[in-house]
Amino acid sequence: MSNYIAYCGLYCGGCLCNIARETSTVEEFAKKLNKPVEQLICPDCKVAKHPDCSFVVCCEAKGYETCAECEEMPCEELTRFANNGREHCAMTIENLKRIREIGLDDWLLEQKQAYTCPTCGARTGWSYKKCDQCGCDLCS
């Protein structure tokens with residue numbers, strides 16, 4: 001089980017919470033991004049096993065690592081989540097389809113590459129338009 005894949009198909013390596021935890025203190029990262037610390041605290045669904053998250057409950061009950069293993073994917077709950085207006089949630093169903101297509105390990109490698117600055121190799125996040133380290137444009 002990887003700590004960079006959520007049950008719902010989010011790539012947690014692109015999450016500001018994980019980047020903050022792994023590259024500096026959360027407080028330093030929050031200050032750098034001019035965000036409240038509370039916005040950078042992720043409870044990590046695979047570790048905490050949140051009983052209020054339908055994806056955790058469902059996947060745990062079925063013994064799945066992700067919703068990609070479920071023949072009902074995309075279910076109503078996942079479709080609602082993917083359409084909640086948050087950019088990173090919108091990619092969940094496509095992520096899960098890609099996991100089905102190439103397998104979880106290869107998908108994780110693709111995601112790691114996608115969320116790494118091609119110029120300096122720094123980690124980048126879901127909504128990054130420019131690299132925090134070298135300032136290069138990530139949208140081209």
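This is a predicted model: local features need pLDDT of at least 70, side-chain atom pairs count only at pLDDT 80 or more; totals for chains, interfaces and linings use all residues.
Contact here means heavy atoms within 4.5 Å.

**First stop: the helix pair**

Select residues 16-23, which form helix α1, together with residues 26-33, which form helix α2. Two packed helices are described by the angle between their axes and the distance between the axes. For α1 and α2 the angle is about 125°, and the axes lie 8 Å apart. Viewed as a crossing, the arrangement of α1 and α2 is right-handed.

Next, display the side chains at this contact. From α1, select Leu16, Ile19, Ala20, Arg21 and Thr23; from α2, select Val26, Phe29 and Leu33, which they meet. Colouring these residues by class gives six nonpolar, one polar and one charged.

**Second stop: the cysteines**

Now select the cysteines. How many disulfides does the structure hold? The count is zero. A disulfide is a covalent bond between the sulfur atoms of two cysteines, and the cut-off applied to a sulfur pair is 2.5 Å.

Centre on cysteine 59 and draw a distance to cysteine 67, which has the closest cysteine sulfur. The separation is 3.9 Å, so the two sulfurs are too far apart for a bond. Cysteine 59 counts as buried because its relative accessibility is 1%.

Move on to cysteine 131, which is likewise in no disulfide. Its nearest cysteine sulfur belongs to cysteine 120, 3.6 Å away. With a relative accessibility of 5%, cysteine 131 also counts as buried.

Conventions
Residues are numbered from 1 along each chain as its sequence is written. Side-chain values use heavy atoms; hydrogens and water are left out. Axes are lines fitted to C-alpha atoms, for helices over the stretch in contact, and angles run from 0 to 180 degrees between N-to-C directions. Helices (H or I, at least four residues) and strands (E, at least two) are DSSP runs, numbered from the N terminus. A crossing is left-handed if the near helix is turned anticlockwise from the far one by less than a right angle, and right-handed if clockwise. Ala, Val, Leu, Ile, Met, Phe, Trp, Tyr, Cys and Pro count as nonpolar, Asp, Glu, Lys and Arg as charged, and the others, Gly among them, as polar. Buried means under 20% relative accessible area, exposed over 50%, partly exposed in between (1.4 Å probe, protein chains only).
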